[in-house]
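Please walk through this protein with the model open beside the text.

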Amino acid sequence: MRKIFFCLIYISTYSQGIKLNGPVSAENNTISNVADPTESQDAATKAYIDALIASLQSQIDELDTGNNSGSGNLTDIEGNKYDYLTYGSQVWTVENAEMMTYADGTSIPQVLNPNQWNTITTGAWCYYDNDPTKGKLYNWYAVMGIHDTDPNTPNKEFAPEGWHLPTDAEWTALESFLMANGYNYDKTTTENKIAKSMASTTGWESSTNIGEIGFDPSFLNNSSGFNAFPVGFRSAGGVVNFVNEGREAVFWTSTETGTDSSLYRNLYYTYTSLRRNTSKMQSGFSVRFVRD
């Protein structure tokens, strides 16, 4: 920021300083008015300086708005705002998705009925327990933009422009960064013990073992700022449709493992690590985004 500022001062001083009174400089060189050039070489010089100033100003604007910094927020098509943080070379949202539409404004159906939820193969969302005071959950079809049953119809975008649903590999990169940078609860860097650093400080049931998310959540939880809240999830099938509120945070990846299954990542109140598993695409999980 300081270098850009000094550079702009220099360019401004330079461009103003050559517009002198009289046609000759102290070194007896002819002076041209760069503000209104008549010679082609002078015009090219002015164009170069103007472009450089514009480029530097753009960089300053990005720094001022947080778009090129380690933190900030983005806004989706419905006006929901999501804070984001930088982890190594990645930028992640640190709040769960809240949209009820795809990025083009097309509605995503809210599905309440468990029988319909368990069999649908297009996008759907719900509140946990169908309670509007609780978090939104999405099936995999929604987050992949699968909005109808015609395989020839292009999928829609779910994430805001410039963002996407993370792959399993991108989750692994986040995991590796946190492990390597001291976010294990015991400060080691060789094993996956990052669960507490990713979990919110509130909402979790209590557990009894040091290093688990539910063990004294106010201590060491959320040191990374990822702020995973135990919303729970909606199961794909079975009598019990909503599961593990207060015990688990579950997030989709975009990585398929079969024609009707995909990988997910989860944190559980008795875990010390971020886990990885497979689920049917009809399951309802939380969603985070990664910047393109």
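Glu-175 counts as buried because its relative accessibility is 16%, where buried means under 20% relative accessible area, exposed over 50% and partly exposed in between, with a 1.4 Å probe and protein chains only. The model is predicted, so local features need pLDDT of at least 70 and side-chain atom pairs count only at pLDDT 80 or more, while totals for chains, interfaces and linings use all residues. Residues are numbered from 1 along each chain as its sequence is written, and side-chain values use heavy atoms, with hydrogens and water left out.

Glu-175 is found in helix 5. Helices (H or I, at least four residues) and strands (E, at least two) are DSSP runs, numbered from the N terminus. Two polar contacts involve the side chain of Glu-175. One joins it to the side chain of Arg-265 at 3.0 Å. Another reaches the side chain of Asn-192 at 3.4 Å. A polar contact is a pair of N or O atoms within 3.5 Å; within protein, one must be able to donate a hydrogen and the other to accept it, and residues adjacent in sequence count only if both atoms are side-chain atoms. Leaving out residues up to four places away in sequence, Glu-175 touches Asn-192, Ile-194, Arg-265 and Leu-274. Contact here means heavy atoms within 4.5 Å.

Next, look at Lys-193. This residue lies in the loop between helix 5 (168-180) and helix 6 (195-198). Is Lys-193 buried or exposed? Lys-193 counts as buried, because its relative accessibility is 15%. Its side chain joins that of Asp-186 in a polar contact of 2.7 Å. Beyond its neighbours within four places in sequence, Lys-193 is in contact with Tyr-183, Asn-184, Tyr-185, Asp-186, Thr-188 and Thr-272. Gly-211 is 18 residues away in sequence, yet its C-alpha is 7.5 Å from that of Lys-193.

Three strands form an open sheet in the order 9-10-11, with antiparallel pairing. Strand 9 (248-258) and strand 11 (275-280) stand at the edges with a single partner strand each, so one side of each has no neighbour in the sheet. Neighbouring strands of this sheet are turned by 35° against each other on average, direction ignored. For such angles, axes are lines fitted to C-alpha atoms, for helices over the stretch in contact, and angles run from 0 to 180 degrees between N-to-C directions. Strand 10 (residues 261-268) pairs with strand 11 over six bridges, in the antiparallel sense. Two strands pair if DSSP finds at least two bridges between them. Ser-261 has Lys-280 as its bridge partner in strand 11.

The largest nonpolar core has 29 residues. Such a core is a set of buried Ala, Val, Leu, Ile, Met, Phe, Trp, Tyr and Cys residues joined through side-chain atoms within 4.5 Å. Tyr-138, Val-143, Phe-158, Trp-252, Val-287 and Phe-289 have the most contacts inside this core. Strand 2 (81-87), strand 4 (125-127), helix 4 (140-143) and strand 9 each give two or more residues to it. Helix 4 supplies the largest share, four residues. Apart from this core lies another, of 23 residues, including Trp-171, Met-179, Ala-195 and Ala-249.

Finally, step back to the whole chain. The protein has six helices and twelve strands. Buried residues make up 42% of its 292 residues.
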